[in-house]
2 protein chains.
Amino acid sequence: MEARTEISSLGEFGLIKKINEGFKTSLPETVCGIGDDAAVIDLDTNYGLLTTDMLLEGVHFDLTFFPLKHLGYKAIAVNISDIAAMNGIPKQVTVSLALSNRFSVEAVDELYAGIHAACRDYNVDLVGGDTSSSRSGLLISVSVFGQVKKDLITYRNTAKANDILCVTGDLGGAYLGLQLLEREKQVFLANPNMQPELEGNDYVIQRQLRPEARMDVVYELAEAGVLPTAMIDLSDGLASDLLHLCAQSQVGAIVYEERLPIDDHTFLAATELNISPITAALNGGEDYELLFTISQDAYELVKNNPKITVIGYVTDNKEEIVLHTKGDNRVPITAQGWS
Amino acid sequence: MEARTEISSLGEFGLIKKINEGFKTSLPETVCGIGDDAAVIDLDTNYGLLTTDMLLEGVHFDLTFFPLKHLGYKAIAVNISDIAAMNGIPKQVTVSLALSNRFSVEAVDELYAGIHAACRDYNVDLVGGDTSSSRSGLLISVSVFGQVKKDLITYRNTAKANDILCVTGDLGGAYLGLQLLEREKQVFLANPNMQPELEGNDYVIQRQLRPEARMDVVYELAEAGVLPTAMIDLSDGLASDLLHLCAQSQVGAIVYEERLPIDDHTFLAATELNISPITAALNGGEDYELLFTISQDAYELVKNNPKITVIGYVTDNKEEIVLHTKGDNRVPITAQGWS
């Protein structure tokens, strides 16, 4: 009998690691392959950046509460976020769609209305893709090509001890928005006459349904003359993405609980859902904020930017990636992938 | 009641046309968006080329007869073929996978063995992608980035009257290979003790399961100093792709039935399946050969290349795209998309 190893026994990150181990890049133009937010390609004057992501109905989104227009927007924004994390400027996108016959032309129009809106907002051109039929709902695969000046690129693996750890925006909202939407779906399924109780939770729901890539911060940092020493986008959650950044940079980090930026609406939603707001901020994914490090010299240049919060600093002890709690304890930060 | 228009009422090409009408590119770097085999991006010294394609189980492939290793290879090769059609050199690829829990780690290894083999054969680097779970089988989305010197790019819309129409390799095999595999699947489903009768049909089955992008011809044309006046790859079939090339170039074409390159094995398989070999050559897709036009001056430079066949010529009558039959009749060439 042939061996059969379940993918679940490796988990998502284990599988990706196994796949990547078998393969080395060989072209001189390939500066960086798998392992960062985007691949890096030498184009002589600039670096080219290439990233791709696939969203599947029933896995990554639920159309019972996700409007198609928002979905189209999000599919573009989350890929742009990977380019932002390299300090790059997104330029061109391709979109491949697969649709079951449940979807009408009007539904496709809605989806593209969101795709086009995102292309306008981020000033990127939709340059290709294809459309095919699917036997199980909706699939969207997006690729983005961007560029960055060679001396402005930011990797994940270049954070240094004593650098300051910064995050944009606020955390945990997108996760709580999803929990609320899931809760209302269950209520509706149990009793279709019930109206959804989402009042007062617009903010966190917006964080889930309409995330934005932080290109605004990329531009503001450039204007302020700040070049992050390392950067990653927060798709999996602060904990998981900080662990990636630290592992690749071979550094440790101390994050101060009291510094975690959490919006008041996120606190309220957390209370309503009986979820710790700190857990939501650390382990809730899909905020698509940027986590980056700067040298201490640069602190003066970011401290007055309301979009940026200093949450801790980098250490040379790569065994220690910890949360410094309000009670002055230090607890290890651990990640969650899927398995 | 809201309007609902079925996608089937537009068809594949109608839907793509409708989607594209709503959107113009705006960046000066975007030389060519949707409408050719790949998008074209101005990189100062060269053009960048970007193309993407998604393959879905049950729609584009059937794993009851498609080995995973071959599938991985094909997913790369068909995208490389789009770069070849722009006369470009493929450089980097990304692969996004989604898998249901039916698939084991060993199955993923097989798929990647094919992906890696194709990357080696075409000298491209696998630089990114992701892996996620799927609720319905296997999905593969591939994007390829390539480059081409600005004065060597070949578009679809630049064929001129009196140009010579050329095709690489031979036609119709991949389609007949698929028909044979489908037939044996039905036989097997009806009686699982039957052995498949594929003897003598290795060639056409190979054409279906292991297509190659014609990078060899791209290099040979460059060495011979031949720059095609227009080029497209044959994914949908000669008829459909010739119609694209003619429509975009605003020209007509005459194709000689007796010149269509059809392998002896393709003739035999066509006879066995009771399918006209001419129909297979014209309307059978997935051969991934190149269809291109050259100026008459260049004829001497290609005529002795055994990989290239002259099949006709371009005319200035865009209303007339015809097959000149062996019986000296002229019949309009018509396309088939999905609907």
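Chain A is divided into domain 1 (11–152) and domain 2 (164–332), with bounds that come from an automatic or database domain assignment. This is a predicted model, in which local features need pLDDT of at least 70 and side-chain atom pairs count only at pLDDT 80 or more, while totals for chains, interfaces and linings use all residues. Residues are numbered from 1 along each chain as its sequence is written, chains are lettered from A in the order in which they are written, and side-chain values use heavy atoms, with hydrogens and water left out.

**Between the two domains of chain A**

- The centres of domain 1 of chain A and domain 2 of chain A, taken over C-alpha atoms, are separated by 22 Å, and 26 residues of domain 1 touch 24 residues of domain 2, where contact means heavy atoms within 4.5 Å.
- About 2200 Å² is buried between these domains of chain A, with 60% of it on carbon and sulfur atoms; buried area is the accessible area (1.4 Å probe) that two parts lose on being put together, summed over both.
- Of the area that domain 1 of chain A buries against domain 2 of chain A, Phe65(A), Lys74(A) and Asn87(A) supply 24%, more than any other three residues.
- There are 2 salt bridges between domain 1 of chain A and domain 2 of chain A, a salt bridge being a side-chain nitrogen of Lys or Arg within 4 Å of a carboxyl oxygen of Asp or Glu.
- Lys74(A) forms a salt bridge with Glu286(A), and their closest N and O atoms are 3.0 Å apart.
- Helix 2 (68–84) and strand 4 of chain A each supply at least two residues of the side of domain 1 that touches domain 2, and helix 2 of chain A gives the most to that side, with 9 residues; helices (H or I, at least four residues) and strands (E, at least two) are DSSP runs, numbered from the N terminus.

**Between chain A and chain B**

- The contact takes 73 residues from chain A and 73 residues from chain B, and the area buried between the two chains is about 6200 Å², of which carbon and sulfur atoms give 62%.
- Phe23(A), Met54(A) and Val105(A) supply 10% of the area that chain A buries against chain B, more than any other three residues.
- Across the interface of chain A and chain B there are 2 salt bridges, and the side chains of Lys91(A) and Glu29(B) meet in a salt bridge at 2.6 Å, N to O.
- Among the elements of chain A that each supply at least two residues of the side touching chain B are helix 1 (11–21), helix 3 (105–121) and strand 7 (139–149).
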